[in-house]
Amino acid sequence: MKRILFIFIDGVGIGSPGPHNPFTTLELPGWEALIGNQKWTEDYFVDRDEPTLVVKRIDANLGVDGLPQSGTGQASLFSGVNCAKLAGRHYGPFPHSTSRPILLTQNMFIQCQSISGSQPPVFLNAFPKRFFEAAKKRDRWSTTTRCCLDAKMPLKTLLDLEAGRAIAADLDGKGLRLVAGASVTTIDMDEAAKRMTSLSGKHSLSLFEYFLTDKAGHSENPKEAKIVLGKLDQLFHGLLQHLDFDNTTLVITSDHGNIEDMSTKTHTNNPVPLIAMGASASYFKDVTDLTGVTPAIISALQN
Ligand SMILES: [Zn+2]
């Protein structure tokens, strides 16, 4: 059976090279290895359409004026419907009221459940108790957790994390440990890559969400950008070593630009990267914007 490991990275666009862009200033061999050892800047990040590797810049503006936001961008990404157009504007960080019925009926997990038989989709992130308490109190869930609720998929907890069935949102668990206490065991990026590899081998679709890139972009702090991009760099290095690309296709994309321009606190209008590496890569070659990713994932899993 074909499988997909989908790593969603919040707030990463492909922008102009220069001192404002950490993809220019930092050594990031793990990122670069994903696209043929090139820098993730607009002068080097070029389309590739090969049997086992598709690299594209895709549009995150979705025909709507203003700066893309996470709520409508992620709802579009995880449903295949242009939720920014539907809302009449970019909205975020949480899903817009007009996105809710779309997520409820056709989010990526629901679409996947109908075709994945004995290997149901999974959301790999582990959440601490305080996340559930805060979200329940105001019924405010992020797009991905809302998709899980709507698909009746359990969200992973710290017990799952300790049992090796989940991944901390900050990957190594160091930040989570500060929030949730000593029960969180920290791991290195090679271990995180190994765990993602083994968990993704048991599910048709495995999603991991990393939001600290967006946070670093908003911070305008180059040190923060260096830490988060460096961590992902090691993760990608590990995944390239451990993943079985004959059976699992690695898909990486984002919802809008941000961290590629550290000279501004805001999101950007830049295109976002789409990488599909592995046996089902070619299903992603015609994707042009955020709305194309879920349909491509479903097509890949159906075949
Ligand atoms: Zn943001």
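How many of the residues of helix 3 (residues 70–77) are buried? Eight of its eight, so keep reading to see what covers them. 

A residue counts as buried if 20 or more other C-beta atoms lie within 10 Å of its own, as exposed if 12 or fewer do, and as partly exposed in between, with C-beta atoms placed from the backbone. This is a predicted model, where local features need pLDDT of at least 70, side-chain atom pairs count only at pLDDT 80 or more, and totals for chains, interfaces and linings use all residues. Residues are numbered from 1 along each chain as its sequence is written.

**View 1. Helix 3 is mostly covered.** The buried residues here are Ser-70, Gly-71, Thr-72, Gly-73, Gln-74, Ala-75, Ser-76 and Leu-77. What covers them includes helix 4 (83–87), helix 5 (100–106), helix 8 (143–150) and helix 14 (293–302). Helices (H or I, at least four residues) and strands (E, at least two) are DSSP runs, numbered from the N terminus.

**View 2. The whole protein chain has 14 helices and 10 strands.** Its radius of gyration is 18 Å, close to the 19 Å that the globule rule gives for 303 residues, so the chain is as compact as a globular protein of that length. (The radius is taken over C-alpha atoms, and the rule is 2.2 Å times the number of residues to the power 0.38.) The C-alpha trace spans about 45 × 40 × 40 Å along its principal axes. Buried residues make up 51% of the 303 residues. Two residues are in contact if their C-beta atoms, placed from the backbone, lie within 7 Å. Of the contacts between residues at least 6 apart in sequence, 71% join residues at least 24 apart.

**View 3. Seven strands form an open sheet in the order 2-3-10-9-1-8-4, with mixed pairing.** Two strands pair if DSSP finds at least two bridges between them. At the edges sit strand 2 (48–50) and strand 4, each pairing on one side only. Helix 14 packs on this sheet, touching strand 1, strand 8, strand 9 (248–253) and strand 10 (272–277), and its direction makes about 165 degrees with that of strand 1. (Axes are lines fitted to C-alpha atoms, for helices over the stretch in contact, and angles run from 0 to 180 degrees between N-to-C directions.)

**View 4. Strand 8 (residues 205–210) pairs with strand 1 and with strand 4.** Five of the six residues of strand 8 are buried, so the strand is largely enclosed by the rest of the structure. On one side, strand 1 (residues 3–9) pairs with it in the parallel sense over six bridges; Phe-6 has Leu-207 as its bridge partner. Strand 4 (residues 122–123) also runs parallel to strand 8, joined by two bridges. There, Val-122 is partnered with Ser-206, and Phe-123 stands opposite Leu-207.

**View 5. Strand 9 has six of its six residues buried.** Side chains in a regular strand alternate between the two faces of the sheet. Here both faces are covered: Thr-248, Leu-250 and Ile-252 are buried on one side, and Thr-249, Val-251 and Thr-253 on the other. Strand 9 pairs with strand 1 in the parallel sense over six bridges, including the one between Ile-4 and Thr-249. Four bridges join strand 9 to strand 10, and these two run antiparallel. In that pair, Leu-250 has Met-277 as its bridge partner.

**View 6. The largest nonpolar core has 88 residues.** A nonpolar core is a set of buried Ala, Val, Leu, Ile, Met, Phe, Trp, Tyr and Cys residues joined through C-beta atoms within 7 Å. Phe-6, Ile-167, Val-251, Ile-275, Phe-284 and Ile-297 touch the most other members. Helix 13 (residues 222–242) gives the largest share, seven residues. Leaving aside neighbours within four places in sequence, Val-251 is in contact with Ile-4, Phe-6, Ile-275, Ala-276, Phe-284 and Ile-297.

**View 7. Ala-281 lies in the loop between strand 10 and helix 14.** Is this residue buried or exposed? Ala-281 is buried, because 24 other C-beta atoms lie within 10 Å. Beyond its neighbours within four places in sequence, Ala-281 is in contact with Pro-51, Thr-52, Leu-53, Val-54, Thr-249 and Ala-276.

**View 8. Three strands form an open sheet in the order 6-5-7, with parallel pairing.** Its edge strands are strand 6 (156–157) and strand 7 (167–168), each pairing on one side only. Two bridges join strand 5 (residues 125–127) to strand 6, where Phe-127 has Thr-157 as its bridge partner.
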